[in-house]
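This briefing covers one protein chain, grouped by topic. Please read the points below alongside the sequence and the three-dimensional view.

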Amino acid sequence: MNILRENIRDNRFLRLIEGALKAGYCEEWKFHPSLSGSPQGGIVSPILSNIYMDRLDRYVQETVIPDYTRGKERKANPTYKNLRGQAAYYRKKGNLERAKTIRREFQKLPSGQPDDPEYRRLRYSRYADDFLLGLAGPRREAEEIRERIATFLGTELQLTLSAEKTLITHACTGRARFLGYEIGIMDSQIKFDHRKTRNVKGKIGMYIPEDVLQAKRKRYTRDGKPVHRTEVINDSDYEIITRYQWEYRGIVNYYGLAQNLERLSYIRWMMETSLLKTLADKHQSSVVKQAKRLKSTEKTLEGPRKCLRLVVQREDKKPLVAIFGGLSLKRRKKPVIKDQFLTAYIRRTSEIVERLVNDTCEICGAKEYVQMHHIRKLRDLNKQGKREMPLWMKLMISRKRKSIPLCKKHHDETHHPGPKSKRQGNRRAG
């Protein structure tokens with residue numbers, strides 16, 4: 001609250017935030033007071049967290065980073081410089097084979113001194129309460145930085161570092177975990193561009209952790225083999241394919257920066273097999289028949305990609321298309337997530353495809369200006385007596401679903417119930 005008062009003068013707003021911080025929470029119908037922190041899951045919690053952690057950001061950027069940043073560039077590596085001179089000498093003498101051999105040797109070495117005492121670099125990145133520091137320097141200085149940050153958090157923000165998560169990792173021999181990624185040095189890989197110049201060795205790489213890959217595969221397998229998913233077998237083909245695609249697209253988009261993004265191809269195969277087995281079980285068919293029925297290709301920036309495609313035809317409307325796969329697994333340095341409009345997935349007894357195709361009000365049968373009416377919970381409908389229930393409530397309760405297609409007239413009546421005046425009734429009747 002003291003941080004907010006530095007820039008905000010509206011006391012009504014400040015009292016509102018303070019009340020939210022002290023409001024407490026209910027769990028299993030029991031009240032628990034808020035002794036510290038902001039309410040977890042609250043819509044205002046992320047911004048309050050960033051406002052609070054801004055003190056740490058400024059301390060690191062204005063105090064810690066300048067203390068551990070010096071030198072314009074590393075000093076040249078004498079061994080690298082010597083071998084490079086030998087290669088140039090033999091090339092000048094015409095002994096190209098010898099020059100090529102020496103070139104391969106010095107390209108395995110760093111061009112600068114890794115332990116240059118006059119060179120230091122420190123980088124800082126934070127997301128919510130997780131932060132990562134990258135230091136080009138000795139372990140002793142890394143321990144000093146950790147102690148300084150721990151002291152600042154304890155004295156200024158009354159926070160403590162997690163001993164299990166606050167680790168010091170050498171980037172060449174290990175990898176640090178940050179936001180679901182593993183981050184380390186690509187030292188074991190040596191790649192060259194068209195000019196025969198190194199473009200990988202010594203650079204930072206981001207990877208998908210092995211335990212994440214295993215957890216993603218486990219959802220669609222049993223005893224290491226892909227299996228069908230019984231919890232979605234009663235849904236339509238369109239819903240099943242769309243759900244699998246949402247799950248697969250989320251993994252590919254999140255790990256688009258990973259160097260080993262191609263390893264998701266195995267997860268795609270497992271998900272595709274699980275999808276085909278689910279459809280085969282639903283239609284009492286075989287995986288081969290379902291694969292032949294849905295086999296297709298999808299165009300991408302990297303060329304065509306194999307996929308599964310289902311098309312549901314509709315009268316006087318664009319057909320509904322569900323696609324699984326068709327995503328390129330080429331690493332993207334600057335990934336851009338395409339914001340696509342997809343039909344919302346809602347579990348219910350009746351199938352969403354049939355209602356989208358029919359496009360009919362379930363009260364009067366009108367086919368114009370049909371809209372979807374949604375409620376939060378079915379139990380909210382049971383609060384009224386059965387005699388007082390309108391028809392749309394009875395339909396939703398009998399079919400056990402939280403949405404119903406209504407024409408504009410009946411949709412407005414659900415949001416604005418109440419008796420109508422005689423003048424309105426006569427006007428409607430006329």
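In this predicted model, the side chains of Arg-229 and Glu-231 make a polar contact of 3.0 Å. The protein chain contains 14 helices and 14 strands. Of its 430 residues, 31% are buried. Among contacts with a separation of 6 or more, 60% join residues 24 or more positions apart.

- Arg-229 is located in the loop that runs between β9 (225-226) and α8.
- Because its relative accessibility is 5%, below the 20% limit, Arg-229 counts as buried.
- Not counting residues up to four places away in sequence, Arg-229 touches Arg-219, Tyr-220, Arg-243, Tyr-244, Glu-247, Ser-274 and Thr-278.
- One of these residues, Thr-278, is 49 residues from Arg-229 along the chain, yet the two C-alpha atoms are separated by 5.9 Å.

**Nonpolar cores**

- The largest nonpolar core comprises 32 residues, and those with the most contacts inside it are Ile-208, Ile-241, Tyr-255, Leu-264, Leu-275 and Phe-324.
- At least two residues of this core come from each of β6, α7, α8 (237-254), α9, β11 (303-312) and β12 (320-325).
- Helix α8 provides the largest share of this core, with seven residues.
- Another core, of 14 residues, lies apart from it and has Tyr-59, Tyr-68, Tyr-124 and Leu-157 among its members.
- Leu-264 of the largest core touches Ile-208, Leu-213, Tyr-248, Ile-251, Val-252 and Leu-329, with residues up to four places away in sequence left out.
- As general background, nonpolar side chains tend to be buried together in soluble globular proteins.

**Helix α7**

- Val-212, Leu-213 and Arg-217 are buried in helix α7, which spans residues 210-218.
- These three residues lie on the same side of α7, because they cover an arc of only 135° around the axis.
- In an α-helix there are 3.6 residues a turn, so residues three or four places apart point the same way.
- The packing partners of the buried α7 residues are β5 (176-178), β8 (221-222) and α9 (264-283).

**The β5-β6-β7 sheet**

- Three strands, in the order β5-β6-β7, make up an open sheet with antiparallel pairing.
- Strands β5 and β7 (204-207) are at the edges, each pairing on one side only.
- On average, neighbouring strands of this sheet are turned by 30° against each other, direction ignored.
- Four bridges join β6 (residues 181-185) to β7 in the antiparallel sense.
- Gly-184 has Gly-205, in β7, as its bridge partner.

- Thr-414 belongs to helix α13, which covers residues 408-415.
- With a relative accessibility of 12%, under the 20% limit, Thr-414 therefore counts as buried.
- A polar atom of the Thr-414 side chain lies 2.5 Å from the backbone oxygen of His-411.
- Beyond its neighbours within four places in sequence, Thr-414 is in contact with His-373, Trp-392 and Leu-406.

Conventions. Residues numbered from 1 in each chain as written. Predicted model: local features only at pLDDT ≥ 70, side-chain atom pairs only at ≥ 80, totals over all residues. Heavy atoms only, no water. Buried < 20%, exposed > 50% of the residue type's maximum accessible area, 1.4 Å probe, protein only. Polar contact = N/O pair within 3.5 Å; in protein donor to acceptor, adjacent residues only side chain to side chain. Contact = heavy atoms within 4.5 Å. Arc of directions from axis to C-beta. Pairing = 2+ DSSP bridges. Axes fitted to C-alpha atoms, helices over the stretch in contact; angles between N-to-C directions. Core = buried A, V, L, I, M, F, W, Y, C linked by side-chain atoms within 4.5 Å.
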